[in-house]
Amino acid sequence: MKKILMLSLSILVAVALAMPAIAARPAAPEGPMKMALTAKPVTFNHNTHASVDCGVCHHAVNGEENYGKCGNAGCHDALGAKEKGVNSYYRIAHDKKLENSCISCHTRAAGQDKDKKKALTGCKGSACHP
């Protein structure tokens, strides 16, 4: 009886501790989103990226989960394609050296398939810039 009580109490504490983290994560938007902060707008669909952990793109800011807009003041608000600093909106999508940039992930996903690589990493007529 004591073991069952301790097990139940342990499960209850674990669930109580996990609830704030679960509740803080908003539901992913339905359908395609138009990310139009740059010259070539991107059509992004959360559903096609469901296998990717949200934290890969929505990284922590000041130790807290971040599900806000990337282009907010002080974050990735340098919008020019020539901007290369930490705050560059262009860089978070196109920098091949960043492990979690869009282009890096798409290059890994395409592998050696040339057609898939063109569709996932091309500038014009790609899945990103239709």
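A salt bridge joins the side chains of Asp95 and Arg91, with an N to O distance of 3.1 Å. The criterion is a side-chain nitrogen of Lys or Arg within 4 Å of a carboxyl oxygen of Asp or Glu, and by this rule the count comes to one salt bridge. Arg91 is partly exposed, at a relative accessible area of 23%; buried denotes under 20% relative accessible area, exposed over 50%, and partly exposed the range in between (1.4 Å probe, protein chains only).

The model is predicted, with local features requiring pLDDT of at least 70 and side-chain atom pairs counted only at pLDDT 80 or more, while totals for chains, interfaces and linings use all residues. Residues are numbered from 1 along each chain as its sequence is written, and side-chain values use heavy atoms, with hydrogens and water left out.

Ser88 lies in the loop between helix H2 (54-57) and helix H3 (89-94), where helices are DSSP runs of H or I with at least four residues, numbered from the N terminus. Ser88 is buried, at 1% relative accessibility. The Ser88 side chain is 2.8 Å from the backbone oxygen of Glu83, and a polar atom of this side chain lies 3.4 Å from the backbone nitrogen of Tyr90. Beyond neighbours within four places in sequence, Ser88 is in contact (heavy atoms within 4.5 Å) with His76, Ala78, Gly80 and Glu83.

His129 is located in the segment after helix H5 (114-121) and is buried, with a relative accessible area of 11%. Excluding residues up to four places away in sequence, His129 touches Lys40, Pro41, Val42, His94, Gly122, Cys123 and Lys124.

Terms used:
Helix = DSSP H or I, 4+ residues; strand = E, 2+ residues; numbered from the N terminus. Polar contact = N/O pair within 3.5 Å; in protein donor to acceptor, adjacent residues only side chain to side chain.
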